[in-house]
Amino acid sequence: MKPRKVSTDSDPGPRLQRLNAYLERNFPDFFAEARFQVGNDDYFLYARFGEYLARTIEQNRASGRTISRGFTLLNKMAQASARHPAIRQMLVSGPLEYILDAPKARELARTRLSPEAQSYLESLCE
């Protein structure tokens, strides 16, 4: 067997492209409006997504399926952050901060987030 090459590339571009594609496919209205407002700034895109997800949970405006897809995106971000610190920074200082500030969303996050994402959320509590 040939040994696999490990990528040492610190650019989160390809991983972020997959996350962006997931976000656009599952939240097309949000994605279009956010891109219009913030342009190509992914940091603000994901911060606004966290705000959007927390607000819809708090106001009971979304279906369980939509909420599940939102937490799936956050879990995918946590998984991608293992290789790319820029994605981790984007996750922690963006969506997870909004989740932390919303009591219903925080309680739901404790059951829906992956162990990786939960550890990031708990680090914000300290």
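A residue counts as buried when its relative accessible area is under 20%. By this criterion Ser 93 of the predicted model is buried, because its relative accessible area is 15%. Ser 93 is placed in helix H5, which covers residues 85-93. Although Ser 93 and Tyr 43 are separated by 50 residues in sequence, their C-alpha atoms lie 8.9 Å apart in space.

For the chain as a whole, the same cut-off of 20% classes 43% of the 126 residues as buried. The accessible surface of the chain amounts to about 7,700 Å², of which carbon and sulfur atoms supply 49%. The secondary structure consists of 8 helices and 0 strands, and the order of elements along the sequence is accordingly written as α-α-α-α-α-α-α-α. When contacts between residues at least 6 apart in sequence are considered, 64% of them join residues that are at least 24 apart.

Two helix pairs that share helix H3 were examined in terms of their packing geometry. Two packed helices are described by the angle between their axes and by the distance between those axes. Helix H2 (residues 28-38) packs against helix H3 (residues 42-58) at an angle of about 135°, the axes being 10 Å apart. H2 is therefore oblique to H3, and the crossing of these helices is right-handed. On the H2 side the contact involves Phe 30, Phe 31, Ala 34, Arg 35, Gln 37 and Val 38, which meet Asp 42, Phe 44, Leu 45, Arg 48, Phe 49 and Tyr 52 of H3. By residue class, this contact between H2 and H3 comprises 8 nonpolar, 1 polar and 3 charged residues.

The second pair is formed by H3 and helix H4 (residues 64-81), whose axes come within 11 Å and cross at roughly 145°. In this case the crossing is left-handed. H3 contributes Tyr 46, Phe 49, Leu 53 and Ile 57 to the contact, while H4 contributes Ile 67, Gly 70, Phe 71, Leu 73, Leu 74 and Met 77. The residues of this contact between H3 and H4 divide into 9 nonpolar and 1 polar, with no charged residue among them. Charged residues, for their part, number 3 in the contact of H2 with H3, whereas the contact of H3 with H4 has no charged residue.

Terms used: Residues numbered from 1 in each chain as written. Predicted model: local features only at pLDDT ≥ 70, side-chain atom pairs only at ≥ 80, totals over all residues. Heavy atoms only, no water. Helix = DSSP H or I, 4+ residues; strand = E, 2+ residues; numbered from the N terminus. Buried < 20%, exposed > 50% of the residue type's maximum accessible area, 1.4 Å probe, protein only. Contact = heavy atoms within 4.5 Å. Areas by Shrake-Rupley, 256 points an atom, 1.4 Å probe, with all protein chains shown as cover. Axes fitted to C-alpha atoms, helices over the stretch in contact; angles between N-to-C directions. Parallel < 35°, antiparallel > 145°, perpendicular 65-115°, else oblique. Left-handed = near helix turned anticlockwise from the far one by under 90°. Nonpolar A, V, L, I, M, F, W, Y, C, P; charged D, E, K, R; others polar.
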